[in-house]
Amino acid sequence: MDIVLIDGHQMAVGQTLAEAARQRGLPVVIDAGSWKPGFETLLPLATHVICSANFYPPGCSSPDAALSYLQHLGIPQVAMTRGAEPILYNRQQSWQALPVPQGPVVDTLGAGDIFHGAFCHYGLSQPWPQALTLAAQVASHACRYVGPRPGCSTP
């Protein structure tokens, strides 16, 4: 195991895996698509949180408030995907924006999962912004096809 990706489902299992990964010095990436009970204890264990613009922790009513919430938890790397809008990410105490590749969009099913999987692949060998950029390229490419994988498309 080189990296742990947790999506907010099965919180008890995710908590156990995150604690074990942190003890081993492994990165813990959390896919925070939307707020789920249990995130309040899981998020502080993360090294990377990549949330969607639909992620609203308790008391947060805007994407800016959600990003501030995550930043105040002391998570080293925080990013927010926003569909076709630029990805927001933290770098040197400020928020930066990364453009998302534009092109024909046929189906976005699975795009977030594809993004997070690609990020975990690139995140072990690339700097934070580059891993996000490469993950966005992979996910954007997948949106050109029906289904979460091009091999699953129907004529």
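At what angle do the axes of helix α4 and helix α5 cross? Colleagues, the structure before you is a predicted model, in which local features need pLDDT of at least 70, side-chain atom pairs count only at pLDDT 80 or more, and totals for chains, interfaces and linings use all residues. Residues are numbered from 1 along each chain as its sequence is written, and side-chain values use heavy atoms, with hydrogens and water left out.

To the question, then. The axes of α4 (residues 111-123) and α5 (residues 128-142) cross at roughly 140° and come within 8 Å. Axes here are lines fitted to C-alpha atoms, for helices over the stretch in contact, with angles from 0 to 180 degrees between N-to-C directions; helices are DSSP runs (H or I, at least four residues), and strands likewise (E, at least two), numbered from the N terminus. The contact residues divide into 15 nonpolar, 1 polar and no charged, where Ala, Val, Leu, Ile, Met, Phe, Trp, Tyr, Cys and Pro count as nonpolar, Asp, Glu, Lys and Arg as charged, and the others, Gly among them, as polar.

I now turn to I50, in strand β3 (residues 48-52). Is I50 buried or exposed? I50 is buried, with a relative accessible area of 0%; buried means under 20%, exposed over 50%, and partly exposed in between, using a 1.4 Å probe and protein chains only. Beyond its neighbours within four places in sequence, I50 contacts residues including F115, F119, W128 and L132. I50 and M80, 30 residues apart in sequence, are 5.6 Å apart in space, C-alpha to C-alpha.

Methods: Contact = heavy atoms within 4.5 Å.
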